[in-house]
Amino acid sequence: MALLELDQVHKHFGGLAAVNGVNVRADDGEILAIVGPNGAGKSTLLKLIVGLETPTRGAIRFAGQEITQAPPHRVRQMGIAMVQQTPRHFASMTALENVALGALFGRAGAHRQEEQALELAGEALSFVGLADRRHDLVGHLNLHEQRFLELARAIAGGPRLLALDEVMAGLNDTELEASIAIIRAIRDQFNMTIIWVEHVMKAVMSLAERVVVLDFGTILTEGLPAEVMRHPAVVKAYLGQEMNHA
Amino acid sequence: MIANILDGIVLGLQFGLLAVGLTLVYGLGGVLNLAHGQMAVAAAMVVALAQAAGLPIWLAAGLGLLAGGLMGLILDLTILRPVYRLRGEARVLLSLLLTLGVSFTVEGFLNWRYALGALSLRIGGGAVEILGVPMRRGSLAASAITLATFAALFLFFRYTSLGRAVRSVIEDQEGARLVGIYPHRMLRLILVLSGVLAALVAITRAMVTPIDVHSGLSITTFALIVTVVGGLGNVAGALLAGLILGIVNAVAADLIGTYISLIILLGAAALTILTRPAGLLGVRE
Ligand SMILES: Nc1ncnc2c1ncn2[C@@H]1O[C@H](COP(=O)(O)OP(=O)(O)OP(=O)(O)O)[C@@H](O)[C@H]1O
Ligand SMILES: [Mg+2]
């Protein structure tokens, strides 16, 4: 059964159709990658899902409930957590305090106590390998540690779906391997569904189970990673350009 | 001179606490509450009336604090509703206009019903010598209460999840929403808190000098100046700015004259905006 369903979703900014009639479904426990050139509408699509943007037209359903108009804090409490393209943490707080906010507020009806939230936060930090940095201010973490911190904050409330926006950009090979392992472990251990926008093709090929290619706000093609990468339109519209980058 | 400085510290602590309410409400919700002083005065009048009705002072003061919090809640539920529909500059401007309206309404009402109303709380006992200067017990009690309140605020914001949730909204509203925090709920909480703090300042101020129905505008003005100097959304900054400006105010009033001290304070605020737009403790973006 589809956990998340986007039905003919449009998002217009003035005259620009950033997302133009997209249908996407993500099944329970699946890792779905969304790729496409710069400005294709990938980030906008994720923002529509988590409520940071509201669709101009179309409907979004999650776990059988319509969330098309739901505000971000509601969506989060219903079980969708997002990690954004640029790290966004609360700089005046420690790693543990950051993650504890997610544990305490990120789930409706949980009414967790302070200590319980801190405990859950500690577990989430251990999960991403940051246990020994828990009392550091987040400003003292480097880029990949900050990314892992955000992953920990996202999973701390126990969501059912993770929306990740280019969380592997700028990582070196070792960090990339570590990220891939963590995301795979999140899915395997917690059975979370993952929708993941990514430019790093190597990571997409090794982690994604299905790939959706977006261009100019519409879906160019979708399928298994290996199939999609051979698709002529993809090679032409996207991969050629991507190869030149690398 | 030392006497002036001590007076300035007493006053400055109270300025600081007034500014905390204003600055947090602004930092959280982009709402600048120009009725802050009138809320303080109205709470003081509640205390005065309760006392006149024969209630013991602790109960009267409790009612005053309750009234302050209630006024914050009522602002949130009524006059600020249209403000919440706007964003950015329009939001700040509408909040200025509407709360200015509230301030006139409250002051007009108090002036009509209790024109001669005033709250003055005498704390008995002789003066206590501090650094060779005799200080009235009222001033000391007021300062002690204010300091204890500041300490409680620091603990709240540093060590409780609710306090950290409020800070998270001030730091990054969208980020806070993404971890499941509803910013408006935090704003409502802080509006209530700011009302309670305004009432507390009115009550402790009345231990030093009488509060009458016309004190509102000067209270708002001082609070606004301290808020600007301390940096918007910054509790520690409000404390520091309150202390500095309290001392500046007391010394200037003594050396030059009361009429000039407000101008000096406004000048200090203008200078702060020009040199450190984020406030004394603010970090440059
Ligand atoms: N708030 C906004 N207002 C106006 N235009 C916007 C807004 N957000 C995005 N856009 C536009 O919508 C288009 C899609 O943007 P989006 O950020 O979704 O692209 P993307 O696929 O994530 O690109 P990238 O790979 O560079 O992150 C772009 O042309 C962008 O300029
Ligand atoms: Mg993007």
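Is helix α7 (residues 161-171) of chain B largely enclosed by the rest of the structure or exposed? It is largely enclosed, because 8 of its 11 residues are buried. Buried means under 20% relative accessible area, exposed means over 50%, and partly exposed lies in between, with a 1.4 Å probe and protein chains only. Helices here are DSSP runs of H or I with at least four residues, strands are runs of E with at least two, and both are numbered from the N terminus.

Some conventions before I go on. This is a predicted model, in which local features need pLDDT of at least 70 and side-chain atom pairs count only at pLDDT 80 or more, while totals for chains, interfaces and linings use all residues. Residues are numbered from 1 along each chain as its sequence is written, chains are lettered from A and ligands numbered from 1 in the order written, and side-chain values use heavy atoms, without hydrogens and water.

Back to α7(B). Its buried residues include Arg164(B), Val166(B) and Arg167(B). What do the buried residues of α7(B) pack against? On chain A they pack against α3 and α4 (114-127), and on chain B against α1 (2-29), α6 (137-159), α8 (173-178) and α9 (183-205). Contact here means heavy atoms within 4.5 Å.

Now chain A. It has 9 helices and 10 strands. Its radius of gyration, taken over C-alpha atoms, is 18 Å. The globule rule, 2.2 Å times the number of residues to the power 0.38, gives 18 Å for 246 residues, so chain A is as compact as a globular protein of that length. Buried residues are 57% of the 246.

Next, the magnesium ion, ligand 2. Ser43(A) coordinates it through OG and Gln85(A) through OE1, at 1.9 to 2.5 Å. Donors are N, O and S atoms within 2.8 Å of the metal, or 3.2 Å for Na, K and Ca; water is not among the atoms, so sites may look incomplete. Ser43(A) sits in helix α1 (residues 42-50) of chain A, and Gln85(A) in the loop between β6 (80-83) and α3 (95-105), 42 residues apart. Ser43(A) is buried at 19% relative accessible area, whereas Gln85(A) is partly exposed at 36%.

Last, backbone angles. Most residues other than glycine have a negative phi. Asn191(A) has a positive phi of about 50 degrees, and Phe216(A) has a positive phi near 50 degrees. Asn191(A) lies in the loop between α6 (173-190) and β8 (193-197) of chain A, and Phe216(A) in the loop between β9 (210-215) and β10 (218-223). Phe216(A) is exposed at 68%.
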